[in-house]
Amino acid sequence: MRLVFLGAPGSGKGTQADILKERLSLTKLSTGDLLRAETEKQSPLGKKAAEYMNQGKLVPDDIMIDILKKKVTEFEKEGIGYILDGFPRTLPQARALDAMLEKIEAPLDAAILIDVPEEELLRRLTSRWTCRNCGATPSFPGGKPDDAICPNCGSKDLYQREDDTRETILKRFDVYRKNTYPLIDYYEKNGLLHRISGEGEIEEITQRIETVLKKM
Ligand SMILES: [Zn+2]
């Protein structure tokens, strides 16, 4: 089975990918890990990618696709299924991925979108606070009470890191919407998209995905 996982920051898609790869005996393919492996091996592709990474630039899509192609071709030979997590992130990447998979006659089976309303995502992502005294990061999913203390050291000196503030998270949502909505449309049009509600317990969500995959 060849799957792509999509979902906003905080949707829990990484968690679900980890659980499902175990249950369904799939491999999780992370482009970050693949890049690291290629650059460490100093393969021709790895060297090309490293040139960009060393300059702090994004690795161009065509190099990323070539690296993926090498890996998935190996997988096809060995009959290994996979979940792509974190790729594609843009419409051109999705198109390039499809074109490459078509060439090796191993098309995607499904794109799983873990769908969570933005209000809920915001609640999840802004629940994390940091203790100025000991550095612990307690979570207050229902909002931080005024008299909250650090569960580790008892200090009242809790603050939100820049990354955890409402403002920063809303900016991340903007980026997500801009990049991923066209991707969702694309997979919807070619009939691969499955929307799974990402609300509720982790196990419930896993079962929803399993139910969809079993029907395929
Ligand atoms: Zn503390």
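Visitor: Which residues of H7 are buried?
Guide: In this predicted model, the buried residues of H7 are Thr168, Ile169, Phe173, Tyr176, Thr180, Leu183, Ile184, Tyr186 and Tyr187. An α-helix has 3.6 residues a turn, so residues three or four places apart point the same way.

Visitor: What is the span of helix H7 from its first C-alpha to its last, and what is expected?
Guide: Helix H7 covers residues 166–189, which is 24 residues, and it reaches 33 Å from its first C-alpha to its last. At 1.5 Å a residue the expected span is 34 Å, and the value for H7 is close to it.

Visitor: Where does H7 bend, and which proline follows?
Guide: The bend in H7 is at Thr180 and amounts to about 35 degrees, with Pro182 following within four residues. Thr180 is also one of the buried residues of this helix.

Visitor: How many aromatic pairs are there?
Guide: The count comes to 3 aromatic pairs, where a pair needs ring centres within 6.5 Å. One of them joins Phe75 and Tyr82, with ring centres 6.1 Å apart and planes at 40 degrees; planes under 30 degrees would be stacked and over 60 edge-to-face, so this pair is tilted. Both Phe75 and Tyr82 are buried.

Visitor: Why is the pair of Tyr176 and Tyr181 called edge-to-face?
Guide: The two ring centres lie 6.3 Å apart and the planes stand at 85 degrees. The label edge-to-face asks for planes over 60 degrees apart, so the pair of Tyr176 and Tyr181 qualifies.

Visitor: What makes the arrangement of the donor atoms around the zinc ion tetrahedral?
Guide: The zinc ion is coordinated by the SG atoms of Cys131, Cys134, Cys150 and Cys153, at 2.3 Å, and a donor here has to lie within 2.8 Å of the metal. The 4 donor atoms subtend angles of 104 to 115 degrees, while the tetrahedral class asks for all angles between 85 and 135 degrees, so the arrangement is called tetrahedral.

Visitor: What spacing do the donors of the zinc ion follow along the chain?
Guide: The spacing of the donors is C-x2-C-x15-C-x2-C. Cys134 and Cys153 both lie in the loop between strand S5 (130–131) and strand S6 (158–159), so the pair ties together parts that are 19 residues apart in sequence.

Visitor: What class of accessibility do Cys134 and Cys153 fall into?
Guide: Cys134 has a relative accessible area of 34%, which makes it partly exposed, and Cys153, at 35%, also counts as partly exposed.

Visitor: Which charged end sits over the ring of Tyr159, and which over the ring of Trp129?
Guide: The charged end of Arg132 sits over the ring of Tyr159, 4.2 Å from its centre. That of Lys144 sits over the ring of Trp129, at 4.7 Å from the ring centre. The distance limit for such a contact is 6 Å.

Visitor: Is the peptide bond from Phe87 to Pro88 cis or trans?
Guide: The peptide bond from Phe87 to Pro88 is cis, with omega near -5 degrees. Pro88 is in the loop between strand S3 (82–85) and helix H5 (91–103), and Phe87 is placed in the loop between S3 and H5 as well. The relative accessibility of Phe87 is 4%, so it counts as buried.

Visitor: What is the phi of Gln42, and what is the phi of Glu105?
Guide: Gln42 has a positive phi of about 55 degrees although it is not a glycine, and Glu105, likewise a residue other than glycine, has a positive phi near 55 degrees. Gln42 lies in the loop between helix H2 (31–41) and helix H3 (44–54), whereas Glu105 lies in the loop between H5 and strand S4 (110–115).

Visitor: Why does Gln42 count as exposed?
Guide: Exposed means over 50%, and Gln42 has a relative accessibility of 53%, so it counts as exposed. Glu105, with a relative accessible area of 70%, is exposed too.

Methods
Residues numbered from 1 in each chain as written. Predicted model: local features only at pLDDT ≥ 70, side-chain atom pairs only at ≥ 80, totals over all residues. Heavy atoms only, no water. Donors = N, O, S within 2.8 Å, 3.2 Å for Na, K, Ca; no water. Tetrahedral: all angles 85-135°; square planar, octahedral: opposite > 155°, others 65-115°. Helix = DSSP H or I, 4+ residues; strand = E, 2+ residues; numbered from the N terminus. Buried < 20%, exposed > 50% of the residue type's maximum accessible area, 1.4 Å probe, protein only. Phe/Tyr/Trp six-rings, centres within 6.5 Å; stacked < 30°, edge-to-face > 60°. Lys NZ or Arg CZ within 6 Å of the ring centre and 35° of its normal. Expected span 1.5 Å × (residues − 1). Bend = angle between axes of the 7 residues up to and from the residue.
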